[in-house]
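Thanks for coming. Please have a look at the model on the screen, and then I will walk through it.

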Amino acid sequence: MTKGSLALRVPFYLVTITLACLVSTSCRARSTNTPTVSNTATIPSTATDLPPGTATPSATSTITPTATPDVTLPVSEILDGAKINCPTPMSLMLHTAYGPERMEELAQEIIDNRLQTLTYTDLLTYLLEGECPPENTIIVSLDDLGTNWLRPDFRHMIQVFVEHDLKMVVAVVTQGPQNTVIWDYLREIDAEGIEIASHTVNHFQLSALNDTAIEDQLHLSHDIICANMEKCPETIILPFGDGGDDPRVFSAGEGYYIFVIGIQGGLEFGGETPFFLGRIPPHNDDQALTIVLLQNTFGP
Ligand SMILES: [Zn+2]
């Protein structure tokens with residue numbers, strides 16, 4: 001077992017690769033050398049059965065969660081049994097104010113420092129292989145994209161990374177009438193390796209809500225993403241970074257998400273799913289310093 005690998009190998013043979021791939025497209029390539037089994041656990045969303053692009057929720061969103069809270073994704077069951085304890089990869093939180101120019105500088109710094117960009121979906125693939133991610137990995141996430149209206153700068157910022165063959169995560173707020181053009185775009189960038197994460201329905205401060213409202217924010221946004229993408233999200237990025245210390249957020253996320261993303265803290269992750277991972281904001285003026293900040297905050 002190599003340094004940084006998990007304390008206990010994941011019992012991959014207990015589950016079909018098909019189940020793993022339902023939450024991770026990047027594992028498809030590995031399906032040929034993975035033992036198969038018959039595990040008939042049910043995935044808790046009928047939305048995944050819909051053809052891509054044909055299920056656009058109406059303005060008031062009539063989609064309701066079809067899963068009961070105690071239904072657990074098979075993948076989360078595997079991970080919960082694996083005694084995971086990994087360092088959190090260097091993780092950066094961006095907003096639209098950062099803009100395309102800084103994005104270009106950041107891309108150059110990532111390339112010059114030989115960092116490998118990951119998505120949380122990629123991270124999940126490592127975990128399912130029984131490994132922690134390598135030390136030189138970085139997860140860059142961009143928050144607050146709307147699925148009803150999209151600020152043009154978001155596209156420009158994402159385009160910079162796509163043109164450099166870098167991966168990133170975008171977090172969508174799913175309130176309001178759904179815009180099919182935006183969902184077309186999100187499916188397009190997903191195909192380029194960009195992960196689409198949930199940023200809830202309304203971007204409320206979760207810890208201020210009652211239990212049912214927290215569940216609605218996590219579950220409805222999950223189901224809207226499932227219905228409009230070819231797959232369901234694995235990641236919820238907390239609005240304002242709020243709720244990372246609220247157990248109700250984690251119980252609401254159980255079975256719906258593998259990763260809950262907050263700010264600061266969370267330098268290691270493990271235990272039971274969903275896992276909590278932290279992020280830091282960039283340096284405002286100097287993206288070389290952003291990398292230094294990341295290296296000083298995360299890792300050994
Ligand atoms: Zn936000």
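I start with confidence. The chain averages a pLDDT of 81, and 74% of the residues score at least 70; pLDDT is the predictor's confidence in each residue, from 0 to 100. Over residues 1-5 the pLDDT is below 50, and this stretch has four contacts in the model beyond near neighbours in sequence. A contact here means that the C-beta atoms of two residues, placed from the backbone, lie within 7 Å. Residues 7-72 also stay under 50 in pLDDT, and the model has 110 contacts for them beyond four places in sequence.

Two notes on conventions. This is a predicted model, in which local features need pLDDT of at least 70 and side-chain atom pairs count only at pLDDT 80 or more, while totals for chains, interfaces and linings use all residues. Residues are numbered from 1 along each chain as its sequence is written.

Now the overall picture. The chain has nine helices and 10 strands. Helices (H or I, at least four residues) and strands (E, at least two) are DSSP runs, numbered from the N terminus. Of the 300 residues of the chain, 45% count as buried. Buried means that 20 or more other C-beta atoms lie within 10 Å of the residue's own, exposed means 12 or fewer, and partly exposed is in between, with C-beta atoms placed from the backbone. Among contacts with a separation of 6 or more, 72% come from residues 24 or more positions apart.

Next, helix α5, which covers residues 152-163. Its 12 residues should span 16 Å at 1.5 Å a residue, and its end C-alpha atoms are 17 Å apart, which agrees. The expected span is 1.5 Å times one less than the number of residues. Which residues of α5 are buried? They are Phe 154, Met 157, Ile 158, Val 160 and Phe 161. Seen down the axis of α5, these buried residues fall within an arc of 145 degrees, so they line one face of the helix. The arc is that of the directions from the helix axis to the C-beta atoms. The partners they pack against are α3 (99-112), β4 (137-146), β5 and α6. On the other side of α5, Pro 152 and Glu 163 are exposed.

His 156 is also in α5. His 156 is partly exposed, because 15 other C-beta atoms lie within 10 Å. Its C-alpha atom is separated by 9.1 Å from that of Met 103, which is 53 residues away along the chain.

Asp 165 is not a glycine, yet its phi is positive, about 60 degrees. Is Asp 165 buried or exposed? It counts as exposed, because it has 11 C-beta neighbours inside 10 Å. Asp 144, in strand β4, is not a glycine either and has a positive phi of about 80 degrees. Asp 144 is partly exposed, because 18 other C-beta atoms are within 10 Å.

Now for the strands and the helix that follow. Strand β5 (residues 169-173) pairs with β6 in the parallel sense over four bridges; two strands pair if DSSP finds at least two bridges between them. Within that pairing, Val 169 stands opposite Glu 195 in β6. Together, β5, helix α6 (residues 180-191) and β6 make a right-handed β-α-β unit. Right-handed means that, with the strands pointing away from the viewer, the path from the first strand over the helix to the second runs clockwise.

Helix α6 has 12 residues and reaches 17 Å from its first C-alpha to its last, close to the 16 Å expected at 1.5 Å a residue. It is followed by Gly 193, with a positive phi near 100 degrees.

In a regular strand the side chains alternate between the two faces of the sheet. In β6 (residues 195-198), Glu 195 and Ala 197 point one way, Ile 196 and Ser 198 point the other way, and all are buried.

Two last places to look at. Asn 228 lies in helix α7 (residues 211-228) and counts as buried, because it has 28 C-beta neighbours inside 10 Å. Asn 228 and Asp 184 are 44 residues apart in sequence and 8.6 Å apart in space, C-alpha to C-alpha. Finally, the peptide bond from Thr 273 to Pro 274 is cis, with omega near -5 degrees. Pro 274 sits in the loop between β9 (268-270) and β10 (275-277).
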